[in-house]
Amino acid sequence: MNFQMLRNSFIVGSLGISFTGFIALFTPYQQFSQFLISSGLGSLAASNLAIESSQKISNRKRSKLLAEIESLRNETNSFAGMLADKHQVLVKTTEERDQYLATGNLIYESLEQVKAELKATKELLNDTQCINFNTAVETLRESLQEVKSQVNALIPYLTKKFDVDVSGLLAEFNQDCASLSKQIGVISDNSKLTNEQLIAACIAVQHDILNKGISLKAKLYKSALDKLQKELNNVIPVDEHNQKLEQVKTYYLSNIKAIQSEFGTIADGCISAYKNDFQEVVNDGLQQSQELEILQNQILSLNGKLQDLSKPLQFVGSSESARVGNSIINYYSSKLGITLDAIDFSSTDSGYKLLFHLSRNNRFIPVDQLNDGNNPDKIKELSGSLNTPKFTQSERGNYVSLEIELRKVEKKQATIEDIRRLIEPSNKFGEIVSKYHQNKPTLRVMTRTGGGKGIAVKNLLHHYVNHWENWELWLSDPQHGSFEDYWLCPKIAKNPMQAVNILETFIEEFNDRKENKSFNPDIPVMGIFDETDKTFDKKQKGGISQIWTEIRHRKMKLILIGQSSEVGKNGWTWDEMNNCGLMFIGDAIGTAIKHADDMGWSQDMKTKIPCIYAKVSEFFNQQNADIPVKNHYRLALLIDGMKYDFVEIPPALEGEIINNKSWLVSSHWQSKAIKEGQNIACVHCGSIDVKKNGKSGDKQRYKCSDCSKNFII
């Protein structure tokens, strides 16, 4: 009798039952898992006990038989050969037993790991409070597939080991599996089942799966046992075998009853705990449902309030201003999707003003968009305004205003006192311009022909020679001797060629001072170049632009007089003008306003400068109608970056400019000679030690005793 094969058979059966219990942990029938696992392990223990007892009896009988064989060894050689064969079987059986013991240890370790995994899985499943429909159906299918896999794996083993015919049992099991697949399909097609219905259906199907699988495996094992029974009858007496089987049966039944009792207790506890957990889940669900309903009501209430708050704010009251303002608000909100929040309204001389806020729009709304298209005409229609109202942006806040004109107001005539509140008076002209020229070493004076730039600059030079100390002023007038030459003062250049030469001399003096080569580095020099735009070409203007800021460090300054319309045409741009202090006179102020963005004016400048210019120029034009040209009111705009001033230009300065603290000269370094009571100084080195050296045409020639150079004046 091969006890090891018998023991392996019982082990396979017991482990199959235990594995079925392990699979049940992942199904809705998890309460049966402990029963199946305990049954499998109990069956393993009982069968092992019975087999070991039978093996001991067999070993005792074998020992007795060996003794008889030893005494009869000499009697028959055939019996000795049979005894040797039995000995070989015994050795093989011992090896299989050792192998089985090693395998048993591995199985035990695997069972411990499975128990740990089952415990963790059970804890995870206890936390699950809802049943997923798809998971339940998939679990049934996997359970059926697992049972089929176990059966299909068991049949070849039994057939090979015990030569058992199981074709009939297999056909019956396949029919049962087909029926179970149809039942699972019915559950899968009814996705609207409640949790209770789904649980009941899954329990029923799972019970059938386990029942069919266990029943078939029991029948298969019974066939194997019947086969073994026949073989066992040939090894030990039938009565003894039946007695042992009865003992095994009694022991097994007692264990089964204990297991059933323990399982019943555990199952009752599990069911009770499940019912309690399920009741808690239901109660929690009802409570959460009530809380959800309360939250939904609160959301509806808040949505209502939000809709009310998203509406534009209206003017309060029943006045005409409030009515018109609200109609304008509704028009922009409904037609254009723009939120105009009412701030306030106030009366004006011609009607009233409405104030609106734009901050609640989700994007920036420029006034151009508010005034776009026929919106002003629509506002005029709604308000009955005489004008076509347009929105204007406030300078001090993110709000816009709208002027509604209901009546015409007689325009108030401005007086000279009103105008001079907007500008600086003419008696401060030299002082104010001087400050701008101190900040930027180059002063650019611009106006149209006949606009008064010569009058303005002559007044400025008069201020310089009487207030600035020791400056030598080089006046270049390419139009010397014309009918409009009112300078009446010394000039260093009197035609375009001399003007170009004086510019080159000025630039050379700057370079000499920069390289410490100048003969007169301590004499402050100011170059005043009239007709700058027409006299100098692009190359010469480029030379000016290279030095017009750096000359401040070399006691040098420039005054460039020209026409603003020439800017950008002959080598300079409006942006480059920011390197200079700027004086716009008369109509040139309007040209400057057009190029405000090119010069980077601030919003405040772009708003206020045009307003002041319009008011003052209108008044000056009215006053100048009956005033001689030389006494005309003239307006100048001074610009230095973001700083600006309007100043009145004094009337034309009659007569000559008399040198005082500074000097207008007719030749280079003449100021040194003037200080010494003489008239001539060397144009090369500034020395006053010069002598006449003949004539060149109608001009006197001189020679310097210090540098030995000749020059003509």
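In the predicted model, the buried residues of helix α5 are Leu169, Phe173, Cys177, Leu180, Ile184, Gly185 and Ile187. An α-helix has 3.6 residues a turn, so residues three or four places apart point the same way. Helix α5 itself comprises 23 residues, spanning positions 167-189. From the first C-alpha of α5 to the last, the helix reaches 33 Å, close to the 33 Å expected at 1.5 Å a residue.

Four strands form an open sheet in the order β1-β2-β4-β3, with antiparallel pairing. Its edge strands are β1 and β3, the latter covering residues 391-393, and each of them pairs on one side only. On average, and with direction ignored, neighbouring strands of this sheet are turned by 25 degrees against each other.

Within the sheet, β1 (residues 341-347) is joined to β2 (residues 351-357) by six bridges in the antiparallel sense.

Helix α8, formed by residues 320-336, lies across β1, β2, β3 and β4. Relative to β2, α8 runs at about 40 degrees.

Methods:
Residues numbered from 1 in each chain as written. Predicted model: local features only at pLDDT ≥ 70, side-chain atom pairs only at ≥ 80, totals over all residues. Heavy atoms only, no water. Pairing = 2+ DSSP bridges. Helix = DSSP H or I, 4+ residues; strand = E, 2+ residues; numbered from the N terminus. Expected span 1.5 Å × (residues − 1). Buried < 20%, exposed > 50% of the residue type's maximum accessible area, 1.4 Å probe, protein only. Axes fitted to C-alpha atoms, helices over the stretch in contact; angles between N-to-C directions. Contact = heavy atoms within 4.5 Å.
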